[in-house]
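Reader: I have a chain open and would like to go through it. Can we start with the charged side chains?

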Amino acid sequence: MSDTKQPKTVQRRGFFATIGLGGAAAAATAVASVVIAEPAQAMKPSGGKAGSHYQESEHIKQFYKVNSY
């Protein structure tokens, strides 16, 4: 009788199943953290000034001229 033990080898399918389940769990955690996050609040303009604050200065006019806008 020979009692030779063969070393256990990692099963390829078991290894890939573990990796796949770990990736799925990480993805589920990422999705859950996004869903639970509070929605962003809109910026409220400061009081006192109304209307557009855009001013077309000389360098902006030059940019439009050079780039054919």
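Author: Keep in mind that this is a predicted model. Glu-58 forms a salt bridge with Lys-61, and their closest N and O atoms are 3.8 Å apart.

Reader: Where do Glu-58 and Lys-61 lie?

Author: Both are in helix H2, 3 residues apart, which is about one turn of the helix.

Reader: Is Glu-58 buried or exposed? And what about Lys-61?

Author: Glu-58 counts as exposed, because its relative accessibility is 61% and the cut-off for exposed is over 50%. Lys-61 has 40% relative accessibility, so it counts as partly exposed.

Reader: How many salt bridges does the count come to?

Author: The count comes to 1 salt bridge.

Reader: Switching to aromatics. How many pairs there?

Author: The count gives 2 aromatic pairs. In the pair of Phe-15 and Phe-16, the ring centres are 5.5 Å apart and the planes are at 65°, so this pair is edge-to-face.

Reader: How accessible is Phe-15, and how accessible is Phe-16?

Author: Phe-15 is partly exposed, at a relative accessible area of 44%. Phe-16 comes out at 52% relative accessibility and counts as exposed.

Reader: Which residues form the nonpolar patch on the surface?

Author: Tyr-54, Phe-63, Tyr-64 and Tyr-69 form it, and together they have about 500 Å² of accessible area.

Reader: Where is Tyr-54 placed?

Author: Tyr-54 sits in the loop between helix H1, residues 12-36, and helix H2, residues 58-66.

Reader: And the whole chain, how many helices and strands?

Author: The protein chain has 2 helices and 0 strands.

Reader: What share of the residues count as buried?

Author: Of its 69 residues, 0% count as buried. The chain exposes about 7,400 Å², with carbon and sulfur atoms supplying 61% of that area.

Notes: Residues are numbered from 1 along each chain as its sequence is written. This is a predicted model: local features need pLDDT of at least 70, side-chain atom pairs count only at pLDDT 80 or more; totals for chains, interfaces and linings use all residues. Side-chain values use heavy atoms; hydrogens and water are left out. Patches are made of residues with over 30% relative accessible area and no salt bridge: like charges are joined within 9 Å, nonpolar side chains (Val, Leu, Ile, Met, Phe, Trp, Tyr) within 5 Å. Accessible areas come from the Shrake-Rupley method with a 1.4 Å probe; for residues, only the protein chains shown count as cover. A salt bridge is a side-chain nitrogen of Lys or Arg within 4 Å of a carboxyl oxygen of Asp or Glu. Helices (H or I, at least four residues) and strands (E, at least two) are DSSP runs, numbered from the N terminus. Rings of Phe, Tyr and Trp (its six-membered ring) pair if their centres lie within 6.5 Å; planes under 30 degrees apart count as stacked, over 60 as edge-to-face and the rest as tilted. Buried means under 20% relative accessible area, exposed over 50%, partly exposed in between (1.4 Å probe, protein chains only).
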